[in-house]
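This report describes one protein model for a reader who has not seen it before.

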Amino acid sequence: MRMPITSIPSVIKEIAATFHVAPTSLGILTTIPLLCFGLLSSIVSSTAQRIGNEMTLAIGMVLMFVGSYLRIINFPLLMVGTVMVGMAITCINVLLPAIISDKYPEKIGSVTGLYNMAMTLFAAIGAYAIAPITNASSWQTAVIVISVIALVTTIVWLPNLKYNDRGESDNGAADAGTNMWKKLNAWWMLLFFGFQCFVFYSIVAWLPTMAMDAGLNSDQSSLIAGLLQLFALPFAFAVPVIASKMSDRRPILIAAGVASMIGAVMLLFPVDSFVYFCIVALLMGAGSTTTFVLAMTLFGLKTKSVADTRNLSGMVQSVGYLIAALGPVIVGNLNAHTHNWVASSIVIFASALLFTIFGILLERHEHI
């Protein structure tokens with residue numbers, strides 16, 4: 001679910017050259033999926049209520065394969081395919097926490113950790129491998145490889161359709177769950193999620209470019225993008241497991257916020273050093289991954305039914321991803337206007353501070 005997005009920034013220039021457009025205009029390739037997440041999350045939640053979580057996710061996986069492949073054909077289909085990929089990932093974003101809560105209610109932490117570790121691992125592989133594949137062949141070949149992985153995943157998912165149900169209540173009707181829009185604590189979670197995603201997607205979109213502007217070559221910058229995901233792996237698995245056993249998760253939130261803020265401060269100084277950017281990748285990867293996987297875990301931990309988990313996930317991700325979609329755009333435009341990354345880094349720092357504050361407010365209550 002991340003590979004089709006996180007791999008693209010490393011080959012933006014090659015894509016732009018193929019379709020004869022300015023590289024700066026392709027920042028939208030990161031923004032489009034985020035807009036899909038924001039605009040469609042509530043729709044996915046209501047659709048799954050009617051046809052079932054597993055079936056909705058299967059439809060999403062077909063969209064993922066087709067959309068990913070369409071991106072190599074021409075520029076209009078690059079945009080259409082990116083929208084389809086965004087729609088597909090929206091299905092996974094919203095429904096996997098609900099499926100985990102439904103099928104593994106006693107193992108929410110460990111199963112969420114496994115899910116996040118797999119997601120982070122494939123994101124790292126995609127971000128790192130796309131440049132060598134592109135150099136050896138073409139960016140189109142790299143995208144075809146990603147599309148094939150999506151196809152294989154679709155086939156692997158199909159047997160789960162036999163477990164498909166609509167989460168019906170005792171009287172046989174679909175359980176609509178709680179209206180999360182009326183819950184203040186749900187809004188704290190929405191803002192926490194939105195600003196931590198703002199930081200994550202800003203870094204995913206622009207860290208390779210920041211590294212190149214500081215003096216690193218394209219291979220080193222691609223490696224930095226991969227390390228950003230790779231360094232996150234242990235946090236992706238361990239944080240949900242640890243968080244599920246804690247009654248007060250504020251220490252985790254504060255540690256993640258501080259790591260992200262230190263990384264943002266380091267970006268104020270464009271040091272021409274691979275090791276320096278490795279440290280930045282470690283801090284930003286650890287901080288943003290910790291907060292993301294914590295949010296994914298809290299969807300299940302802070303609700304009392306599958307319907308509530310799905311509703312909370314849909315609400316939080318609908319507006320949260322619209323906030324996140326502003327990240328790559330604001331950070332990129334600030335750089336375009338100032339010709340440096342100072343203002344952009346300050347915005348990332350401020351966003352990290354905000355998600356820390358909202359996370360602390362969220363943790364004041366056990367349940368939404």
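Read along the sequence, this predicted model follows the pattern α-α-α-α-α-α-α-α-α-α-α-α-α-α. The protein has 14 helices and zero strands. Its radius of gyration is 19 Å, close to the 21 Å that the globule rule gives for 368 residues, so the protein is as compact as a globular protein of that length. Along the principal axes, the C-alpha trace spans about 65 × 45 × 30 Å. Of the 368 residues, 55% are buried. Among contacts between residues at least 6 apart in sequence, 83% join residues at least 24 apart.

**Helices α8 and α9**

Two packed helices are described by the angle between their axes and the distance between the axes. Helix α8 covers residues 184–214 and helix α9 covers residues 218–230. The axes of α8 and α9 come within 8 Å and cross at roughly 155°. Because angles over 145 degrees count as roughly antiparallel, α8 is roughly antiparallel to α9. The crossing in which α8 passes α9 is right-handed.

Which residues of α8 and α9 meet? From α8 come Phe200, Ile203, Val204, Leu207, Pro208, Ala211 and Met212. From α9 come Ser218, Ser221, Ile224, Ala225, Leu228 and Gln229. The residues of this contact between α8 and α9 divide into 10 nonpolar, three polar and no charged.

**Helix α10 and its cover**

Helix α10 runs over residues 233–243. Its buried residues include Leu233, Ala236 and Val239, and Pro240, Val241 and Ala243 in α10 are buried as well. What covers the buried residues of α10? The cover includes α6 (108–136), α9, α11 (250–266) and α12.

Pro240 of α10 is also one of the residues that Thr297 touches. Thr297 is found in helix α12, which spans residues 274–301. Is Thr297 buried or exposed? With a relative accessibility of 0%, Thr297 counts as buried, because the cut-off for that class is under 20%.

**Other residues in helices**

Tyr276 also belongs to helix α12. Leaving out residues up to four places away in sequence, Tyr276 touches Met266, Phe269 and Val271. The C-alpha atom of Tyr276 is separated by 34 Å from that of Leu362, and the two residues are 86 residues apart along the chain.

Ser101 lies in helix α5, residues 75–103. Apart from neighbours within four places in sequence, Ser101 is in contact with Ile108, Gly300 and Thr309.

Val44 has its place in helix α3, residues 28–51. Its contacts, with neighbours within four places in sequence left aside, are Thr56, Thr90, Cys91, Val94 and Leu95. Val44 and Thr56 are 12 residues apart in sequence, and their C-alpha atoms are 7.7 Å apart in space.

Most residues other than glycine have a negative phi, and most peptide bonds are trans. His20 has a positive phi of about 60° although it is not a glycine. Phi of His339, which is not a glycine either, has a positive value near 65°. Where are these histidines placed? His20 is in the loop between α2 (12–19) and α3. His339 lies in the loop between α13 (306–338) and α14 (342–362).

The table gives the accessibility of residues discussed above.

| Residue | Relative accessible area | Class |
|---|---|---|
| Val44 | 8% | buried |
| Ser101 | 12% | buried |
| Tyr276 | 17% | buried |
| His20 | 71% | exposed |
| His339 | 70% | exposed |

Methods:
Residues are numbered from 1 along each chain as its sequence is written. This is a predicted model: local features need pLDDT of at least 70, side-chain atom pairs count only at pLDDT 80 or more; totals for chains, interfaces and linings use all residues. Side-chain values use heavy atoms; hydrogens and water are left out. Helices (H or I, at least four residues) and strands (E, at least two) are DSSP runs, numbered from the N terminus. Buried means under 20% relative accessible area, exposed over 50%, partly exposed in between (1.4 Å probe, protein chains only). Contact means heavy atoms within 4.5 Å. Axes are lines fitted to C-alpha atoms, for helices over the stretch in contact, and angles run from 0 to 180 degrees between N-to-C directions. Angles under 35 degrees count as roughly parallel, over 145 as roughly antiparallel, 65 to 115 as roughly perpendicular and the rest as oblique. A crossing is left-handed if the near helix is turned anticlockwise from the far one by less than a right angle, and right-handed if clockwise. Ala, Val, Leu, Ile, Met, Phe, Trp, Tyr, Cys and Pro count as nonpolar, Asp, Glu, Lys and Arg as charged, and the others, Gly among them, as polar. The radius of gyration is taken over C-alpha atoms; the globule rule is 2.2 Å times the number of residues to the power 0.38.
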